[in-house]
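Colleague: I am new to this structure and would like to go through it slowly, one feature at a time. Could you show it first, and then take my questions in turn?

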Amino acid sequence: MPKTTARLSTWTVACVLALSACTQTPNGPTRESSATPTVTPSQSPAPVAESYAKYDSLRTDLAAALEQKLPGITWSTDKAATLAKSNDGRCILQPASMKSSADIVEASRNFEDVFAAGDPVLGKYGFPAFGGKDDVPGGWLVTRSTDAAGATVSIEAKGPAYLRITVPVNSASCSPTEILSD
C-alpha cells in the first residue's frame with residue numbers, strides 16, 4: 001500500500017516543538033545531554049529531505065532489529081519528528097523518537113542484546129558500533145553512536161527505553177514545514 005505524504009502545517013509543528021520542550025522524560029536525560037556528538041563531524045550536513053529519508057529509515061530498522069532480538073518488547077512512536085535551530089545556531093532534525101513497551105536493561109542482558117541487534121544496523125547506515133554504555137545520573141543507562149555527519153543515535157533506558165536520533169542538516173530556513181509526515 002503506498003504511503004501518502006503531506007506537509008505538516010506550521011501551526012502543528014510549532015505546537016509539537018513547544019510541547020516537546022515541556023514534556024521531557026521525567027527525571028530522564030535531556031535531549032541535549034543524550035544528543036551530544038562523541039566525534040567531530042567530518043562531513044557537511046545534508047539537505048533536510050535526504051537526511052530525513054536516511055535517518056528515519058535507520059530509526060525504523062533499528063526498532064525492528066530490537067523487537068526481533070527482544071521478543072515481547074515493542075517500540076512505538078513517542079514524539080513526532082522535529083526540525084529546529086539548536087542553541088549554537090545549527091539546524092537539527094530529530095526523526096520521531098521511539099519508546100519501548102517495557103524495560104530493556106534486564107531483558108537485553110544489560111544491553112548486550114541491544115549491541116548485538118543494533119551494531120549491524122548502525123554499520124549499514126555508516127555508524128560505528130555503540131561501543132558500550134554510560135551510567136547517567138538518575139539511574140539511566142545510555143548508549144550512543146555518532147556518524148561522520150554528526151548524527152547521533154542514542155538509546156536511553158530506565159523503565160521504558162527511548163530511541164532518539166539527532167541530525168545536523170543543511171537548511172536555509174530550518175522551518176519545521178520541511179519535514180514530511182507519513
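Colleague: Which cysteines form a disulfide, and how far apart are their sulfur atoms?

Modeller: This is a predicted model, in which local features need pLDDT of at least 70 and side-chain atom pairs count only at pLDDT 80 or more, while totals for chains, interfaces and linings use all residues. Residues are numbered from 1 along each chain as its sequence is written, and side-chain values use heavy atoms, with hydrogens and water left out. If a disulfide is taken as a pair of cysteine sulfur atoms within 2.5 Å, the count comes to one disulfide. The cysteines are Cys91 and Cys174, and their sulfur atoms are apart by 2.2 Å.

Colleague: Why is the disulfide of Cys91 and Cys174 called right-handed?

Modeller: Both partners, Cys91 and Cys174, are buried, where buried means under 20% relative accessible area, exposed means over 50% and partly exposed lies in between (1.4 Å probe, protein chains only). The disulfide is right-handed because the torsion about the S-S bond of Cys91 and Cys174 is about 90°.

Colleague: Where do Cys91 and Cys174 lie, and how many residues apart are they in sequence?

Modeller: Elements are named here as DSSP runs numbered from the N terminus, helices (H or I) having at least four residues and strands (E) at least two. Cys91 belongs to strand E5 (residues 91-94), whereas Cys174 sits in the loop between strand E10 (160-170) and strand E11 (180-181), so the pair ties together parts whose separation in sequence is 83 residues.

Colleague: Which residue forms a salt bridge with Lys124?

Modeller: A salt bridge is a side-chain nitrogen of Lys or Arg within 4 Å of a carboxyl oxygen of Asp or Glu, and the whole structure holds six salt bridges. One of them has its closest N and O atoms 3.1 Å apart, and there the partner of Lys124 is Asp61.

Colleague: Which helices does the pair of Lys124 and Asp61 link?

Modeller: The two residues are 63 residues apart, and the pair links distant parts of the chain. Lys124 counts as exposed at 60% relative accessibility, while Asp61, with a relative accessible area of 24%, is partly exposed. Lys124 is in helix H4 (residues 112-124), and Asp61 is in helix H3 (residues 48-69).

Colleague: Is Arg144, which meets Asp134 in a salt bridge, buried or exposed?

Modeller: The side chains of Asp134 and Arg144 meet at 3.2 Å, N to O, and the pair joins strand E7 (residues 134-136), which holds Asp134, to strand E8 (residues 140-146), which holds Arg144. Asp134 is partly exposed, its relative accessible area being 38%. Arg144, by contrast, has a relative accessible area of 16%, and is therefore buried.

Colleague: How many residues of E8 are buried?

Modeller: Both faces of E8 are covered, with Trp140, Val142, Arg144 and Thr146 on one side and Leu141, Thr143 and Ser145 on the other. E8 is largely enclosed by the rest of the structure, because the buried residues number seven of the seven.

Colleague: Over how many bridges does E8 pair with strand E9?

Modeller: Two strands pair if DSSP finds at least two bridges between them, and E8 pairs with E7 in the antiparallel sense over three bridges. In the hairpin of E8 and E9, five residues lie between the strands, and Gly150 takes a positive phi near 90°. Thr143 has Ile155 as its bridge partner in E9. E8 and E9 (residues 152-157) are also antiparallel, and their bridges number six.

Colleague: What is the arrangement of the aromatic pair formed by Tyr55 and Phe127?

Modeller: Rings of Phe, Tyr and Trp (its six-membered ring) pair if their centres lie within 6.5 Å, with planes under 30 degrees apart counted as stacked, over 60 as edge-to-face and the rest as tilted. The whole structure holds four aromatic pairs. For Tyr55 and Phe127 the distance is 6.2 Å centre to centre and the angle between the planes is 90°, an arrangement that is edge-to-face.

Colleague: Why is the pair of Trp140 and Tyr162 described as tilted?

Modeller: Both Trp140 and Tyr162 are buried. Their ring centres are 6.1 Å apart, and the pair is tilted because the planes stand at 45°.
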